[in-house]
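Subject: Structure handover and notes

Dear colleague,

Please find the structure below, followed by my notes on what was found in it. I would be glad if you read the notes with the model open beside them.

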Amino acid sequence: MDAKARNCLLQHKEALERDIKTSYLMDHMISDGVLSLSEEEKITNQPTQKKRAAMLIKVLLEKNNTSYISFYNALLHEGYKDLAFLLQDGIPLASYNGKDSMDGVTSYVKTVLCEGGVPQRPVVFVTRKKLVKSIQEKLYKLDGEPGWVTVYGMAGCGKSVLAAEAVRDHNLLETCFPGGVYWVSIGKQDRSGLLMKLQNLCSRLDQDGAFSQRLPLNLEEAKDRLHFLMLRKCPRSLLILDDIWDSWVLKAFDCHHQILLTSRDKSVTDSVMGSKYVVSVENGLRKEKGLEILSLFVNMKKTDLPEQAHSIVRECKGFPLVLSLIGALLRDFPNRWDYYLRQLQNKQFKRIRKSSSYDYEALDEAMSISVERLNEDLQKYYKDLSILQKDVRMPTKVLCILWDMETEEVEDILQEFINKSLLFCDRKGKSFHYYLHDLQVDFLMEKNRDQLQELHRKLVTQFQRAGPALFLASDQEDSMYWYSFLAYHMASANMQQVFARQTGLSGLPKATQLGHY
């Protein structure tokens, strides 16, 4: 480790030992490959929080420049911005020799991103060139003018990694953002939490205190300060806001900046001004990319992976979070391929749990947090979607019957789910057809396991009340759903015989009358 970095650690050793909690910081450092499991155990075995912190610093002092940068980024990611600020002067930029590295990233890029707090690549990293290029194209379109580029998609689909990768480009930084790049992890915040984020950002931009010796005291003052600093000290720079949940948060940053943000909500920029561009992140990786992730975790060639690896990728449809969680578990327990495949097939998401470069340790945690953010009424409507099957599109009219609403009302509700990456939509003929990702189907079915029969019964009962003949006419586009899946819903509701007696349906196909599915 450089003398400057070592001295900076020793200078601020007391503050670090007093304030940090080591567990999550170590997760990041293990993910970066700079801390071993035996070192983690050695630190964890210390009797007090302060002694664990002291041991982590001691271990860190024996390591190299990469470890220092990993520790710095871990502090930023876990909210220790004030402590990261103390270590900023010690960032070992001299380790970058000015030549292109093996991954094609120049020393200039590494310096800019390190100073801006942009996370490093995960240890297990696969390229997604098409998406990265799409984000870069949108950033070029800003052309020095204020505007917003939103990268949105489901939790765990890799939005943050893609945003960081998009700015890992020499020409983009030199041409469009010579003033630098500044990464801010936002997440779910109240007003006081947002004020702290803004205060920390203002401190980073005004390290020498040339413009003010006092932190802003409220959001309006912080917004004005940020605008002033970006204009005067960091012109032509890029602000990256990671994990935005609420549109009101963006208003604090709506000060004529160039902003790249990640979110699960496509509509999050509706309330702000300026040019807006959107990049949708597909939910799954192609099979070869999925296998590449698993092979990197277990240190095997793709051709040597067992058949279970192919089944895991197929079962989760290449979902990055699931592959990272299972890959990290297999790295520790390489003989558990069958076990983790079985847990995935049986929807036992709580047993697929592991610290990783993602913000979530389990799939159900990532899914739940999105649903819990919905208001109470929307949560009830979303629960009703537990009756959807995998790879089946449900027409709008079916949900109109289920909820006894006009088409426009139903479409408005479902658009809320689509905006938040909780539902997906295809346009088919005159109607919208809606579907869930396979993992969302599994999550809802597991979460509402005890209510599934009643939820199916609700749909069948509503169909009965609406008058089946009206919806089984062969010339109606949406009637095919009932022909194909009414038997499934009746069987799932355990009421197919009762329903057949009460309605005497003769227009149904034979399989539907018998309740076969």
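Helices (H or I, at least four residues) and strands (E, at least two) are DSSP runs, numbered from the N terminus. On that basis, Ile 401 is found in helix α21 (residues 396–403).

This is a predicted model, in which local features need pLDDT of at least 70 and side-chain atom pairs count only at pLDDT 80 or more, while totals for chains, interfaces and linings use all residues. Residues are numbered from 1 along each chain as its sequence is written, and side-chain values use heavy atoms, with hydrogens and water left out.

As for confidence, pLDDT (the predictor's confidence in each residue, from 0 to 100) has a mean of 81 for the protein chain, and 86% of the residues reach 70 or more. Over residues 94–102, however, the pLDDT is below 50, and it stays under 50 over residues 506–517 as well. Where pLDDT is low, the predicted coordinates should not be read in detail.

To return to Ile 401, this residue is buried (under 20% relative accessible area, where exposed is over 50% and partly exposed in between, with a 1.4 Å probe and protein chains only), since its relative accessible area is 9%. Ile 401 lies 8.9 Å from Arg 465, C-alpha to C-alpha, although the two are 64 residues apart in sequence.

In helix α20 (residues 376–384), the buried residues are Leu 378, Tyr 382 and Asp 384. Seen down the axis of α20, these buried residues fall within an arc of 150°, so they line one face of the helix; the arc is that of the directions from the helix axis to the C-beta atoms.

The model also has an open sheet of five strands in the order β2-β3-β4-β1-β5, with parallel pairing (two strands pair if DSSP finds at least two bridges between them). Its edge strands, each pairing on one side only, are β2 (181–187) and β5 (275–280).

Strand β1 (residues 147–152) pairs with β4 (residues 258–263) in the parallel sense over six bridges, and β1 and β5 likewise pair in the parallel sense over six bridges. Within these pairings, Val 151 has Thr 262 of β4 as its bridge partner, whereas Tyr 152 has Ser 280 of β5. β1 is mostly covered, with six of its six residues buried: Gly 147, Val 149 and Val 151 point one way, and Trp 148, Thr 150 and Tyr 152 the other way.

With best regards

Definitions and conventions. Contact = heavy atoms within 4.5 Å.
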